Amino acid sequence: MNGKLKELADSKELLVGISTGILLASSLRVFVAGAYASLEKTFFYGVMFPSVLGVVLLILASAIVGKFSKKVGAGVIVAYALASLATDATEYTHLIAAFAIPVALALVNELDVKYLAIGLVADLGLRVLAVGGEPVDFPHTRILLSALILPGGLLLWKEEGNLSKPGFGLYALASLLELGLIYPNAVLRYSGINVYYLPTFVGYSFVIALALLGGPYLGKRPKVATALLILGAAMLFVRPLGLIGAPLVLVSVVGLVENAKSIGRGELGALYLFVLAALAIGAYVGRDIGLAFMEDRLEALIFASAVVYAAITYGKNSVPGLPNGKEIAGTLAGLAIASILVLAVFNLGPSYAGSKSDVLIWTYNLHQGFGPYEGTFNGYELVKLLEGQKPDILASQEVVGGMIGDGYQDVPLMLSAYLGYAYEYKPAAEGTYGVAVFSRWHMKTEGELNLKSVGQARPAQKVRIEELGIVLVNVHMGLSEEERAMQAEELLSFAESEPVAQIILGDTNAEPEERAIGILTRDYRDAFEKRPPYTFNWGGIDVENIDYILLKKDWPAKVKNYGCLCDVEVSDHRPVWALIELP
């Protein structure tokens, strides 16, 4: 009888662990993405969205979570699960996530760390099923995410008493997790791997899973864990070594969770989490939000966070429970099933097309993986749009491959897996934010640079498409007129250096009469005889004509048709296209 009771208790704790791991990872992503998207609207358009309110609620919830009855905690969990099932509008659901994070950490405070590790691997499985996307963005993973979170809430409802208030140490744990170490695509791109396809992503997912499951074993040797934590974080400064360093950080962080419990005040921990998230966003867009000193310094932030975590856990000797063979095998089997399904259904690499004389070319700013007006993830809608329209070549800007502010979506991986595109990716900052060219033919990068900028880094890439015999330049230019004029001169020189580009396309942020366009059209012509009414439209508040496909004047290609899908609202920009008859 005692054996059966223990087995029942273990099964219950396993369900709570899976629920907690998914809840923690998901609510961290949604909170940061929602607050960031909300802040963007307030900062750029003067429209008051609740980003400040979300931060206030997080700090408030961290202060009072210890006074929540377990039934109230269960209510928060159920509310988050239902909100995730209903919508991916993070500008609003991040207000629920502000309460879900302290509740999840309160459960971590009471859980054996091995169950937290299993829960984080379950979240990793959802990321695999979403093909590197955000699980709340895709219908099948949204349903699974909610279904896996709900049991934790229902089991908690049956318990008496209050939640255990998490201290600073567990918020330090959450902060390190939220810096991307549990996401295979983020680690791959932090390590300087700009182009990879589905098998690589799936394979590296198992490295992350093994690091998570190995953490409790390392926890038995806390001094070794501390040393490996600092060593792994230092390895991130040497990009290829990040593939080893990031898992070392992760296994050490998990190994030291028991030591991190009940250390310091939770309110300070919530503030620390907010500050680290803001600094991490500053690594990408620091000059635009007043954190210019952070630009391209994410590895320094991860290192500093690792040092803080090492300091607060050092000298303690809490012994974690170890996952048994059955638990490890079952967890890895679940990830393997998810991986096999994904590898069977999606493209494992590019599906190359044959030669073609008429080529449909798009340029499209993807808005960092968000829809136009609210912070809704747009990966699912983007895939559906491209499946219907079938562009041959897509030059895209604001492409994210694992950025903290967009929930660590991997847009290049999603589009290649769903649509069979080859791609070349040029990140502007931290390996995960930049421009990309997608094509149905083989490509080769001939050159890339970050243009001289006074605002955030602005990238350009030159790509040769082998079978078509064309070279194109994809660009994203700056926000001020003077900056764009300076960048246009540099871009023109870049395009006309060998090999000379026949096409310049992208988001110039410049209206047709502006000086920057005058510079570019000295040697290139607009594929549009008549410009569309707009190519960027943010709810009528800001309407601009700024996206172009420009052809070399001496290139004898014919524009057979052109247009703008001005009624498509997947991004704040609109897809601009031209059907080109190649010479």
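Is Cys564 buried or exposed, and what is the relative accessible area of this residue? In this predicted model, Cys564 is buried, with a relative accessible area of 16%.

**View 1. Helix H4, residues 90-110.** The helix H4 has 21 residues and reaches 28 Å from its first C-alpha to its last, which is close to the 30 Å expected at 1.5 Å a residue. Centred on Ile96, there is a kink of about 35° in H4. Of the 21 residues of H4, 17 are buried, so this helix is largely enclosed by the rest of the structure.

**View 2. The crossing of helices H3 and H4.** Helix H3, which comprises residues 70-86, has an axis that comes within 9 Å of the axis of H4, and the two cross at roughly 130°. That angle makes H3 oblique to H4, and the crossing of the two helices is left-handed.

**View 3. Leu582, in the segment after strand E14.** Strand E14 spans 576-581, and Leu582 lies in the segment that comes after this strand. With a relative accessibility of 14%, Leu582 counts as buried. Leu582 and Asn194 are separated by 388 residues in sequence, and their C-alpha atoms are 30 Å apart in space.

Terms used: Residues numbered from 1 in each chain as written. Predicted model: local features only at pLDDT ≥ 70, side-chain atom pairs only at ≥ 80, totals over all residues. Heavy atoms only, no water. Buried < 20%, exposed > 50% of the residue type's maximum accessible area, 1.4 Å probe, protein only. Helix = DSSP H or I, 4+ residues; strand = E, 2+ residues; numbered from the N terminus. Expected span 1.5 Å × (residues − 1). Bend = angle between axes of the 7 residues up to and from the residue. Axes fitted to C-alpha atoms, helices over the stretch in contact; angles between N-to-C directions. Parallel < 35°, antiparallel > 145°, perpendicular 65-115°, else oblique. Left-handed = near helix turned anticlockwise from the far one by under 90°.
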